[in-house]
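Student: I have a new model open and would like to learn how to read it. Where do we begin?

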Amino acid sequence: MRQRAITVSGPWFLWINLLFCLFILGRHYFSPSQQIASVAASVPVLEILMGLILAVSSSAIFILRMAHDQYAEWLSKFLYGTLLCISALWVGCFYVFLASGDSRIVFPFAALLIFTALISLYFDGRVLLSFTLPIWISILVCNFIYPSDLTLLNALLYLLLAGLFESGRRILRGWFVLAIRREQENRELIKQLQDLANNDPLTGIANRRSFHLLLEKAMQRQQQCGTPLSLVMLDVDYFKKYNDHYGHQAGDECLVKIGQCLADAIRSTHDAVARFGGEEFIILLPDAVEQQAIEVAERLRMNLQALSIPHAASPVMPYVTISLGIATVMPGTTSTRLIAQADAALYKAKENGRNRWQVFQHY
Ligand SMILES: Nc1nc2c(ncn2[C@@H]2O[C@H](COP(=O)(O)OP(=O)(O)OP(=O)(O)O)[C@@H](O)[C@H]2O)c(=O)[nH]1
């Protein structure tokens, strides 16, 4: 957010400097009074200083606009250096005016520059001070060197301006910090909402809703490119008995372990594992033909077996086992039908004795 502010406010402030320069260069037209005319002797110096500010400001505006990465860290450092340089040039300009006994333009100009700097750079204290501090200090010092202008009124004005500047900076900075905090909170909230919408709260893997979205996308791609696609649906064997034996809490922990085991066993970038409901999980295997899906199913079964989660109440094995149904897309298969086929194959695997996989048979 700070980088965004720099790339928006930085060029604006540089434009202000450009305009102020043009005003000084054309001062004879704006105020052809005796006092300003007395600066005439120093005109070449002044013209050079203004020319330099014009050149530095316009180059910096160009570089900031052309910057490839508008959020790059170097932009802040670049603006810091540029403003320090421009500020030094303004100090020279004000010195020329004060030295030639013409302070009329100095004070309002310095105040305007300092307050426009505050408006555009308040979010970055270092950059703000790099511009304002040299101007502030040099005017004070000049007043001591040329004490004709050091009146009580001027001193009071300096104090008043310093107070206004600091209080304004604090208020603006407070709003900026609040905006940053709100943005971070919103980002976290959006992430939480996305997690809630897409992930199963118990196991942390994708939920049924996001699985359907992934499946629809994969089906579209399959229809466009004619690539294969398979599904593996699986169900924990005798999970009701597990709950009854070990308690619902242990059942939850068992589901978390199974979800993790499945997620670890798939190619994370291509495939997707989701909790389909209760103790049922589903795995989407884009680009996988039937044989590859069988290999994945067997791997999942073996990985879970390797975990050896005790299931004393299971009539199949003394540890938790799963049954799996496999279905592969055929021409004209819809997503709903593919899920139904994987479910039918799973039912068959259960019927055939559980702790096994079964491929859907097209008769
Ligand atoms: N602990 C826990 N249990 C769940 C959760 N979701 C579903 N279950 C339980 O899973 C059990 C599923 O039981 P059934 O559908 O009869 O299936 P099963 O006992 O696994 O038998 P088969 O599938 O035929 O092997 C039920 O007792 C549900 O209460 C959950 O989030 N946590």
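Predicted model: local features only at pLDDT ≥ 70, side-chain atom pairs only at ≥ 80, totals over all residues.

Student: How many helices and strands does the chain have?

Tutor: Helices (H or I, at least four residues) and strands (E, at least two) are DSSP runs, numbered from the N terminus. The chain has 13 helices and five strands.

Student: What is the order of the strands in the sheet?

Tutor: Strands of a sheet pair through backbone hydrogen bonds, either parallel or antiparallel. Two strands count as paired if DSSP finds at least two bridges between them. Here the order is β2-β3-β1-β4-β5, in an open sheet with mixed pairing. β2 (272-277) and β5 (357-359) stand at the edges with a single partner strand each, so one side of each lacks a neighbour in the sheet. From one strand to the next, the twist averages 20 degrees.

Student: Which strands are joined to β1 by seven bridges?

Tutor: Seven bridges join β1 (residues 229-236) to β3 (residues 280-286), and the two run antiparallel. Seven bridges also join β1 to β4 (residues 322-328), again antiparallel. Take Leu-231: its bridge partner in β3 is Leu-284, and in β4 Leu-231 stands opposite Ala-327.

Student: Are the faces of β1 covered or open?

Tutor: In a regular strand the side chains alternate between the two faces of the sheet. A residue is buried if 20 or more other C-beta atoms, placed from the backbone, lie within 10 Å of its own. Both faces of β1 are covered. Leu-229, Leu-231, Met-233 and Asp-235 are buried on one side. Ser-230, Val-232, Leu-234 and Val-236 are buried on the other. Of the 363 residues of the chain, 31% count as buried.

Student: At what angle do α6 and α8 pack?

Tutor: Axes are lines fitted to C-alpha atoms, for helices over the stretch in contact, and angles run from 0 to 180 degrees between N-to-C directions. α6 (residues 106-121) and α8 (residues 152-198) pack at about 10 degrees, with axes 10 Å apart. Angles under 35 degrees count as roughly parallel, so α6 and α8 are roughly parallel to each other.

Student: Which residues meet there?

Tutor: Two residues are in contact if their C-beta atoms, placed from the backbone, lie within 7 Å. Ala-111, Ile-114 and Leu-118 of α6 meet Leu-161, Phe-165, Gly-168 and Arg-169 of α8.

Conventions
Residues numbered from 1 in each chain as written. Buried ≥ 20, exposed ≤ 12 C-beta atoms within 10 Å, placed from the backbone. Parallel < 35°, antiparallel > 145°, perpendicular 65-115°, else oblique.
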